[in-house]
Amino acid sequence: MKQAVRAAFVFGLFAVIALGVTAEICAADDAHDVTKLPTVFAEKVTGPRLSGLKAAFVKQAEVWEEGCQSQRKLREAFDVASDAWAQMEMFRSGPLSRQSRQERIFYWPDPRNAISRGLNALLSGSGEEGLKPEEIAGASVAVQGLPVLERLLYGGRGSVDEKATLTARQCAVGTSIARNLRTIATNALAEWTAPETGDLEKIKSASAKPDEAKEAAAAVLGDIATGIRLVEDRKMPPIYGGKGVVPNPKSAESWRSKRSERDIALNLEALAAALKVVEPFAPEAAAAANEKLADAAAALAGPPDPNRAVTIIAAINNAKYYVIDVLPGELGLTLGFNSMDGD
(Lines give C-alpha, C1' and ligand atoms only; values in the text may rest on other atoms or scores of the structure.)
Protein backbone atom coordinates (compact mmCIF):
# COMPACT_ATOMS: atom_id res chain seq x y z
CA MET A 1 0.00 0.00 0.00
CA LYS A 2 2.78 2.44 0.92
CA GLN A 3 4.52 1.74 -2.41
CA ALA A 4 1.28 2.39 -4.29
CA VAL A 5 0.73 5.68 -2.48
CA ARG A 6 4.31 6.75 -3.12
CA ALA A 7 4.05 5.85 -6.80
CA ALA A 8 0.82 7.83 -7.12
CA PHE A 9 2.47 10.80 -5.43
CA VAL A 10 5.45 10.85 -7.80
CA PHE A 11 3.55 10.20 -10.99
CA GLY A 12 0.94 12.78 -9.96
CA LEU A 13 3.65 15.41 -9.63
CA PHE A 14 5.06 14.68 -13.07
CA ALA A 15 1.57 14.65 -14.60
CA VAL A 16 0.83 18.11 -13.20
CA ILE A 17 4.05 19.41 -14.71
CA ALA A 18 3.35 17.91 -18.12
CA LEU A 19 -0.24 19.14 -18.32
CA GLY A 20 0.19 22.53 -16.71
CA VAL A 21 3.54 24.11 -17.39
CA THR A 22 4.00 22.94 -20.97
CA ALA A 23 0.53 24.03 -22.09
CA GLU A 24 1.07 27.59 -20.89
CA ILE A 25 4.57 28.01 -22.25
CA CYS A 26 4.19 26.49 -25.70
CA ALA A 27 1.60 29.12 -26.61
CA ALA A 28 4.06 31.96 -26.06
CA ASP A 29 5.35 34.00 -28.96
CA ASP A 30 9.06 33.80 -29.82
CA ALA A 31 9.20 30.55 -27.87
CA HIS A 32 12.65 29.64 -29.17
CA ASP A 33 14.26 32.99 -28.36
CA VAL A 34 16.50 32.14 -25.39
CA THR A 35 16.41 35.76 -24.19
CA LYS A 36 12.78 35.09 -23.18
CA LEU A 37 13.74 32.12 -20.99
CA PRO A 38 14.72 33.96 -17.77
CA THR A 39 11.41 35.83 -17.51
CA VAL A 40 9.33 32.72 -18.20
CA PHE A 41 11.40 30.75 -15.70
CA ALA A 42 11.05 33.46 -13.06
CA GLU A 43 7.29 33.62 -13.48
CA LYS A 44 6.62 29.88 -13.77
CA VAL A 45 9.23 28.32 -11.48
CA THR A 46 11.13 30.58 -9.09
CA GLY A 47 8.39 33.02 -8.12
CA PRO A 48 5.63 30.52 -7.31
CA ARG A 49 8.00 28.31 -5.31
CA LEU A 50 9.38 31.25 -3.37
CA SER A 51 5.83 32.34 -2.55
CA GLY A 52 5.02 28.79 -1.48
CA LEU A 53 8.07 28.72 0.75
CA LYS A 54 7.02 31.88 2.53
CA ALA A 55 3.45 30.63 3.01
CA ALA A 56 4.65 27.32 4.47
CA PHE A 57 7.15 28.99 6.80
CA VAL A 58 4.55 31.52 7.96
CA LYS A 59 2.12 28.69 8.79
CA GLN A 60 4.82 26.72 10.59
CA ALA A 61 5.69 29.71 12.78
CA GLU A 62 2.02 30.23 13.60
CA VAL A 63 1.67 26.62 14.74
CA TRP A 64 4.69 26.94 17.03
CA GLU A 65 3.34 30.22 18.39
CA GLU A 66 0.07 28.51 19.32
CA GLY A 67 2.04 26.40 21.79
CA CYS A 68 3.69 22.99 21.85
CA GLN A 69 0.90 20.87 23.32
CA SER A 70 0.43 18.95 20.05
CA GLN A 71 3.61 17.62 18.52
CA ARG A 72 1.47 16.06 15.80
CA LYS A 73 0.48 19.52 14.54
CA LEU A 74 4.08 20.70 14.77
CA ARG A 75 5.26 17.71 12.74
CA GLU A 76 2.55 18.28 10.14
CA ALA A 77 3.63 21.91 9.78
CA PHE A 78 7.26 20.79 9.59
CA ASP A 79 6.42 18.39 6.75
CA VAL A 80 4.61 21.12 4.79
CA ALA A 81 7.54 23.48 5.31
CA SER A 82 10.03 20.78 4.32
CA ASP A 83 8.03 19.99 1.18
CA ALA A 84 8.10 23.65 0.19
CA TRP A 85 11.84 23.79 0.75
CA ALA A 86 12.50 20.61 -1.25
CA GLN A 87 10.65 22.17 -4.20
CA MET A 88 12.58 25.45 -3.91
CA GLU A 89 16.13 24.46 -2.97
CA MET A 90 17.16 23.44 -6.49
CA PHE A 91 17.03 27.08 -7.60
CA ARG A 92 19.96 28.87 -5.99
CA SER A 93 20.01 32.17 -7.86
CA GLY A 94 18.24 35.27 -6.60
CA PRO A 95 17.48 36.24 -2.99
CA LEU A 96 18.16 32.78 -1.54
CA SER A 97 21.77 33.11 -2.68
CA ARG A 98 22.24 36.16 -0.47
CA GLN A 99 22.82 36.49 3.29
CA SER A 100 23.58 32.74 3.55
CA ARG A 101 19.84 32.05 3.32
CA GLN A 102 20.29 28.61 1.76
CA GLU A 103 22.52 27.44 4.59
CA ARG A 104 20.43 29.13 7.27
CA ILE A 105 17.28 27.37 6.07
CA PHE A 106 18.86 23.95 5.68
CA TYR A 107 22.39 23.36 6.89
CA TRP A 108 23.46 20.01 5.45
CA PRO A 109 25.64 17.98 5.19
CA ASP A 110 26.85 18.29 8.76
CA PRO A 111 29.97 16.10 9.11
CA ARG A 112 31.02 17.69 12.40
CA ASN A 113 27.61 17.49 14.05
CA ALA A 114 27.44 21.26 14.39
CA ILE A 115 23.63 21.20 14.45
CA SER A 116 23.32 18.97 17.50
CA ARG A 117 26.10 20.78 19.35
CA GLY A 118 24.52 24.14 18.59
CA LEU A 119 21.08 22.94 19.60
CA ASN A 120 22.40 21.58 22.89
CA ALA A 121 23.95 24.97 23.59
CA LEU A 122 20.63 26.69 22.93
CA LEU A 123 18.77 24.24 25.14
CA SER A 124 21.16 24.86 28.02
CA GLY A 125 19.74 28.36 28.45
CA SER A 126 16.60 29.30 30.32
CA GLY A 127 13.52 31.33 29.53
CA GLU A 128 14.12 33.45 26.44
CA GLU A 129 17.88 33.68 26.95
CA GLY A 130 19.70 33.84 23.61
CA LEU A 131 16.46 33.56 21.62
CA LYS A 132 15.79 37.12 20.52
CA PRO A 133 15.29 37.40 16.74
CA GLU A 134 18.59 39.20 16.23
CA GLU A 135 20.42 36.61 18.36
CA ILE A 136 19.08 33.67 16.35
CA ALA A 137 19.68 35.47 13.04
CA GLY A 138 23.27 36.17 14.11
CA ALA A 139 23.97 32.67 15.40
CA SER A 140 25.72 29.89 13.48
CA VAL A 141 23.90 28.91 10.29
CA ALA A 142 23.81 25.38 11.70
CA VAL A 143 21.19 26.31 14.32
CA GLN A 144 18.86 28.53 12.32
CA GLY A 145 16.78 26.20 10.23
CA LEU A 146 14.75 23.08 9.53
CA PRO A 147 17.32 20.51 10.77
CA VAL A 148 17.08 22.01 14.26
CA LEU A 149 13.29 21.67 14.24
CA GLU A 150 13.67 18.09 13.02
CA ARG A 151 15.81 17.19 16.03
CA LEU A 152 13.36 18.83 18.41
CA LEU A 153 10.40 16.97 16.90
CA TYR A 154 11.97 13.60 16.13
CA GLY A 155 14.84 13.35 18.59
CA GLY A 156 18.49 12.72 17.90
CA ARG A 157 17.82 9.08 16.98
CA GLY A 158 14.74 9.68 14.84
CA SER A 159 12.37 8.07 17.31
CA VAL A 160 8.93 9.49 18.10
CA ASP A 161 7.20 9.16 21.43
CA GLU A 162 3.61 10.22 20.80
CA LYS A 163 3.03 10.75 24.50
CA ALA A 164 6.10 12.92 25.07
CA THR A 165 5.83 16.69 25.27
CA LEU A 166 8.40 19.37 24.62
CA THR A 167 9.91 21.16 27.59
CA ALA A 168 9.33 24.88 27.98
CA ARG A 169 12.85 25.59 26.75
CA GLN A 170 12.50 23.23 23.76
CA CYS A 171 9.26 24.98 22.85
CA ALA A 172 10.90 28.40 23.17
CA VAL A 173 13.85 27.34 20.99
CA GLY A 174 11.59 25.79 18.36
CA THR A 175 9.36 28.85 18.24
CA SER A 176 12.39 31.14 17.80
CA ILE A 177 13.76 28.98 14.96
CA ALA A 178 10.36 28.86 13.23
CA ARG A 179 10.07 32.64 13.49
CA ASN A 180 13.57 32.98 12.07
CA LEU A 181 12.63 30.84 9.08
CA ARG A 182 9.51 32.93 8.54
CA THR A 183 11.63 36.10 8.52
CA ILE A 184 14.15 34.62 6.09
CA ALA A 185 11.46 33.58 3.60
CA THR A 186 9.50 36.82 4.01
CA ASN A 187 12.58 38.96 3.33
CA ALA A 188 13.61 36.80 0.38
CA LEU A 189 10.19 37.13 -1.25
CA ALA A 190 10.19 40.88 -0.60
CA GLU A 191 13.51 41.21 -2.39
CA TRP A 192 12.14 39.13 -5.27
CA THR A 193 8.97 41.21 -5.75
CA ALA A 194 10.20 44.70 -4.87
CA PRO A 195 9.11 47.27 -7.52
CA GLU A 196 11.98 48.44 -9.75
CA THR A 197 14.74 46.99 -7.55
CA GLY A 198 13.47 43.43 -7.12
CA ASP A 199 14.97 40.35 -8.75
CA LEU A 200 11.87 39.79 -10.89
CA GLU A 201 11.90 43.32 -12.27
CA LYS A 202 15.62 43.08 -13.02
CA ILE A 203 15.08 39.83 -14.91
CA LYS A 204 12.25 41.36 -16.93
CA SER A 205 14.33 44.44 -17.72
CA ALA A 206 17.25 42.30 -18.83
CA SER A 207 15.09 40.59 -21.46
CA ALA A 208 15.41 43.70 -23.65
CA LYS A 209 19.21 43.50 -23.52
CA PRO A 210 20.46 40.39 -25.36
CA ASP A 211 23.77 40.05 -23.55
CA GLU A 212 22.21 40.42 -20.10
CA ALA A 213 19.34 38.13 -21.04
CA LYS A 214 21.72 35.41 -22.18
CA GLU A 215 23.69 35.76 -18.96
CA ALA A 216 20.45 35.33 -17.01
CA ALA A 217 19.52 32.33 -19.15
CA ALA A 218 22.91 30.78 -18.38
CA ALA A 219 22.14 31.28 -14.67
CA VAL A 220 18.86 29.39 -15.14
CA LEU A 221 20.71 26.51 -16.75
CA GLY A 222 23.34 26.69 -14.01
CA ASP A 223 20.65 26.32 -11.35
CA ILE A 224 19.28 23.20 -13.03
CA ALA A 225 22.75 21.70 -13.42
CA THR A 226 23.61 22.46 -9.80
CA GLY A 227 20.35 20.90 -8.64
CA ILE A 228 21.02 17.66 -10.49
CA ARG A 229 24.55 17.52 -9.14
CA LEU A 230 23.29 18.16 -5.62
CA VAL A 231 20.93 15.20 -5.88
CA GLU A 232 23.51 12.93 -7.49
CA ASP A 233 26.62 13.83 -5.52
CA ARG A 234 25.24 14.53 -2.05
CA LYS A 235 21.73 13.23 -1.56
CA MET A 236 21.79 9.83 -3.25
CA PRO A 237 25.06 8.22 -2.03
CA PRO A 238 24.04 7.94 1.65
CA ILE A 239 20.88 6.08 0.62
CA TYR A 240 21.92 4.14 -2.48
CA GLY A 241 25.69 4.07 -2.34
CA GLY A 242 27.63 4.21 -5.57
CA LYS A 243 31.13 3.77 -6.90
CA GLY A 244 33.32 3.33 -3.84
CA VAL A 245 30.51 4.50 -1.53
CA VAL A 246 28.76 2.29 1.03
CA PRO A 247 25.20 3.38 1.88
CA ASN A 248 24.87 5.05 5.26
CA PRO A 249 21.23 6.12 5.69
CA LYS A 250 21.90 7.99 8.92
CA SER A 251 24.14 10.42 7.05
CA ALA A 252 21.33 11.23 4.62
CA GLU A 253 19.39 14.47 4.93
CA SER A 254 16.21 14.39 6.99
CA TRP A 255 16.66 10.74 8.03
CA ARG A 256 15.23 11.38 11.50
CA SER A 257 11.89 12.42 10.01
CA LYS A 258 12.11 9.64 7.40
CA ARG A 259 11.96 12.20 4.60
CA SER A 260 15.18 11.36 2.73
CA GLU A 261 13.58 9.75 -0.32
CA ARG A 262 10.59 12.09 -0.27
CA ASP A 263 12.94 15.07 -0.45
CA ILE A 264 14.65 13.57 -3.49
CA ALA A 265 11.27 12.89 -5.15
CA LEU A 266 10.29 16.53 -4.65
CA ASN A 267 13.69 17.68 -5.91
CA LEU A 268 13.12 15.67 -9.09
CA GLU A 269 9.66 17.19 -9.48
CA ALA A 270 11.16 20.67 -9.22
CA LEU A 271 13.88 19.87 -11.76
CA ALA A 272 11.29 18.39 -14.11
CA ALA A 273 9.21 21.56 -13.85
CA ALA A 274 12.29 23.62 -14.65
CA LEU A 275 13.13 21.52 -17.69
CA LYS A 276 9.55 21.80 -18.95
CA VAL A 277 10.04 25.55 -18.98
CA VAL A 278 13.29 25.12 -20.89
CA GLU A 279 11.85 22.58 -23.33
CA PRO A 280 10.32 25.04 -25.84
CA PHE A 281 13.73 26.71 -26.14
CA ALA A 282 15.71 23.45 -26.51
CA PRO A 283 13.19 20.70 -27.25
CA GLU A 284 15.37 17.65 -27.78
CA ALA A 285 17.85 17.90 -24.92
CA ALA A 286 15.36 19.16 -22.33
CA ALA A 287 12.84 16.44 -23.21
CA ALA A 288 15.56 13.78 -23.09
CA ALA A 289 16.72 15.00 -19.67
CA ASN A 290 13.16 14.97 -18.37
CA GLU A 291 12.64 11.46 -19.67
CA LYS A 292 15.59 10.33 -17.57
CA LEU A 293 14.27 12.19 -14.52
CA ALA A 294 10.95 10.40 -15.00
CA ASP A 295 12.81 7.07 -15.07
CA ALA A 296 14.50 7.98 -11.79
CA ALA A 297 11.18 9.04 -10.25
CA ALA A 298 9.52 5.79 -11.33
CA ALA A 299 12.30 3.71 -9.80
CA LEU A 300 12.21 5.82 -6.65
CA ALA A 301 8.47 5.22 -6.32
CA GLY A 302 8.72 1.52 -7.12
CA PRO A 303 9.18 -1.45 -4.81
CA PRO A 304 12.65 -2.29 -3.49
CA ASP A 305 14.63 -4.66 -5.67
CA PRO A 306 18.33 -5.38 -6.25
CA ASN A 307 18.45 -3.13 -9.33
CA ARG A 308 16.53 -0.18 -7.93
CA ALA A 309 19.52 1.81 -6.73
CA VAL A 310 21.42 1.18 -9.95
CA THR A 311 18.44 2.34 -12.00
CA ILE A 312 18.05 5.54 -10.02
CA ILE A 313 21.76 6.37 -10.13
CA ALA A 314 22.01 5.68 -13.87
CA ALA A 315 18.90 7.73 -14.69
CA ILE A 316 20.11 10.78 -12.74
CA ASN A 317 23.55 10.50 -14.33
CA ASN A 318 22.01 10.38 -17.80
CA ALA A 319 19.82 13.40 -17.03
CA LYS A 320 22.93 15.26 -15.90
CA TYR A 321 24.62 14.45 -19.21
CA TYR A 322 21.84 16.08 -21.23
CA VAL A 323 21.74 19.15 -18.99
CA ILE A 324 25.49 19.76 -18.75
CA ASP A 325 26.80 18.40 -22.06
CA VAL A 326 23.94 18.87 -24.53
CA LEU A 327 21.59 21.64 -23.37
CA PRO A 328 24.16 24.47 -23.47
CA GLY A 329 24.79 23.80 -27.15
CA GLU A 330 21.09 23.71 -28.02
CA LEU A 331 20.51 26.96 -26.13
CA GLY A 332 23.62 28.68 -27.46
CA LEU A 333 24.83 29.29 -23.90
CA THR A 334 27.97 28.63 -21.91
CA LEU A 335 27.51 26.77 -18.65
CA GLY A 336 29.94 28.42 -16.27
CA PHE A 337 30.73 28.19 -12.58
CA ASN A 338 28.03 26.87 -10.27
CA SER A 339 27.75 26.67 -6.51
CA MET A 340 28.95 23.06 -6.33
CA ASP A 341 32.13 23.59 -8.33
CA GLY A 342 35.18 23.15 -6.17
CA ASP A 343 33.34 21.20 -3.45
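**Cavity**

I listed the lining of the largest cavity: Ser82, Trp85, Glu89, Phe106, Glu253, Ser254, Arg259 and Asp263. A cavity here is a set of points, on a 1 Å grid over the protein atoms alone, where a 1.4 Å probe fits but cannot get out, and lining residues have an atom within 4 Å of a point. By class, I get 2 nonpolar, 2 polar and 4 charged residues in this lining. Ala, Val, Leu, Ile, Met, Phe, Trp, Tyr, Cys and Pro count as nonpolar, Asp, Glu, Lys and Arg as charged, and the others, Gly among them, as polar. The volume of the largest cavity is about 30 Å³. I find 1 cavity of 30 Å³ or more. Volume is the space filled by probe spheres set on the points, with grid points joined across faces, edges and corners.

**Ground rules**

The model is predicted: local features need pLDDT of at least 70, side-chain atom pairs count only at pLDDT 80 or more, and totals for chains, interfaces and linings use all residues. Residues are numbered from 1 along each chain as its sequence is written, and side-chain values use heavy atoms, leaving out hydrogens and water.

**Backbone**

I checked the peptide bond between tryptophan 108 and proline 109: it is cis, with omega about 0 degrees. Proline 109 sits in the loop between α4 (101-105) and α5 (114-123). Helices are DSSP runs (H or I, at least four residues), numbered from the N terminus. Glutamine 99 is not a glycine, yet its phi is positive, about 55 degrees. I place glutamine 99 in the loop between α3 (71-88) and α4. Most residues other than glycine have a negative phi, and most peptide bonds are trans.

**α12 and α14**

I took helix α12 (residues 260-278) against helix α14 (residues 308-331): the angle is about 25 degrees, with axes 13 Å apart. That makes α12 roughly parallel to α14 (angles under 35 degrees count as such). Axes are lines fitted to C-alpha atoms over the stretch in contact, and angles run from 0 to 180 degrees between N-to-C directions. Glu261, Leu268, Leu275 and Val278 of α12 meet Arg308, Ile316, Val323, Leu327 and Leu331 of α14. Contact means heavy atoms within 4.5 Å. This contact of α12 with α14 has 7 nonpolar, no polar and 2 charged residues.

**α5 and α8**

I found the axes of α5 and helix α8 (residues 168-193) within 9 Å, crossing at roughly 120 degrees. Leu119, Leu122 and Leu123 of α5 make the contact with Arg169, Gln170 and Val173 of α8. I class these as 4 nonpolar, 1 polar and 1 charged.

Note on methods:
Helix = DSSP H or I, 4+ residues; strand = E, 2+ residues; numbered from the N terminus. Parallel < 35°, antiparallel > 145°, perpendicular 65-115°, else oblique. 1 Å grid on protein atoms, 1.4 Å probe; cavity = no way out; pocket = protein on both sides within 12 Å on 5 of 7 lines; lining within 4 Å.
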